[in-house]
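Q: I am new to this structure and would like to learn how to read its features one at a time. Could we go through them together, with the general idea ahead of each case?

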Amino acid sequence: LADPVHAPIAGTDTWIYAGAGIASNAIAGRRVEAAQVQAGGDLGTWTRVVDMSPSRAGYGYTLANSMLYAFGGLNAQADDGGASARIIDPVPTLENWNNLGLSMTEPRYLMGSLTESAFIFLVGGWNGTAVTNSVEKTVW
């Protein structure tokens with residue numbers, strides 16, 4: 001994680017954040033946890049951080065500028081919105097999840113997501129009625 005404006009994670013530290021998913025009762029979850037990667041690659045203790053709000057599963061995700069982003073997958077259904085949470089001191093603390101106030105060109109669930117340079121790509125997924133092969137692009 002590198003952020004010239006606000007970098008709460010030290011240059012040599014690595015953290016893994018595990019976001020919400022489908023619970024054993026088939027309901028979308030909210031729980032988010034984080035663990036620090038230790039020397040040798042082992043994971044430290046998992047720590048619960050601020051839960052996602054609202055519940056999400058099957059969302060696309062990325063990390064940019066000390067922010068975690070989740071796109072679509074609202075309540076494990078196709079959705080065209082998203083949410084974000086800022087990583088703050090002390091790490092792995094997250095500020096509250098906030099609505100991004102965006103609308104993708106179509107709702108998405110179980111899409112692919114990746115970041116390249118300053119671009120976030122959301123690829124395919126289920127739009128609520130059919131599988132889609134469209135691609136969305138945004139700049140962070």
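Q: In which loop is Ser55 found?
A: Ser55 is found in the loop between strand S3 (47–49) and S4, where strands (E, at least two residues) and helices (H or I, at least four) are DSSP runs numbered from the N terminus. Before going on, note that this is a predicted model, in which local features need pLDDT of at least 70 and side-chain atom pairs count only at pLDDT 80 or more, while totals for chains, interfaces and linings use all residues. Residues are numbered from 1 along each chain as its sequence is written, and side-chain values use heavy atoms, with hydrogens and water left out.

Q: Is Ser55 buried or exposed?
A: The terms rest on relative accessible area, found with a 1.4 Å probe on protein chains only: buried is under 20%, exposed is over 50%, and partly exposed is in between. Ser55 counts as buried because its relative accessible area is 13%. Apart from neighbours within four places in sequence, Ser55 is in contact (heavy atoms within 4.5 Å) with Ala28, Gly29, Arg30, Gly73, Leu74 and Asn75.

Q: What joins Ser53 and Pro54?
A: Most residues other than glycine have a negative phi, and most peptide bonds are trans. Ser53 and Pro54, however, are joined by a cis peptide bond with omega of about 0°, and Pro54 is in the loop between S3 and S4. A cis peptide bond also joins Val91 and Pro92, with omega of about 20°.

Q: What is the phi of Ala26, and what is that of Ser66?
A: Ala26 has a positive phi of about 65° although it is not a glycine, and Ser66 has a positive value near 60°. Ala26 lies in the loop between S1 and S2 and is exposed, since its relative accessible area is 61%. Ser66 is in the loop between S4 and S5 and is buried, since its relative accessible area is 0%.

Q: How many helices and strands has the chain?
A: The chain has 0 helices and 10 strands. Of its 140 residues, 38% count as buried.

Q: Which residues touch the most other members of the largest nonpolar core?
A: A nonpolar core is a set of buried Ala, Val, Leu, Ile, Met, Phe, Trp, Tyr and Cys residues joined through side-chain atoms within 4.5 Å. The largest one has 15 residues, of which Tyr17, Val32, Met52, Leu68, Ile87, Leu94 and Trp97 touch the most other members. Two or more residues each come from strand S2 (32–36), S5 and strand S6 (82–86). A second, separate core of 8 residues includes Met67, Tyr69, Met111 and Leu122.

Q: What is the volume of the largest pocket, and how many residues line it?
A: Rolling a probe the size of a water molecule over the atoms shows where empty space is left. On a 1 Å grid over the protein atoms alone, a pocket is an open set of points where a 1.4 Å probe fits, with protein on both sides within 12 Å along at least five of seven lines, and lining residues have an atom within 4 Å of a point. Grid points are joined across faces, edges and corners, and the volume is the space filled by probe spheres set on the points. Here the largest pocket has a volume of about 380 Å³ and is lined by 20 residues, of which Tyr17, Ala18, Tyr61, Leu63 and Leu68 lie nearest its centre. S1 gives the largest share of the lining, 4 residues.
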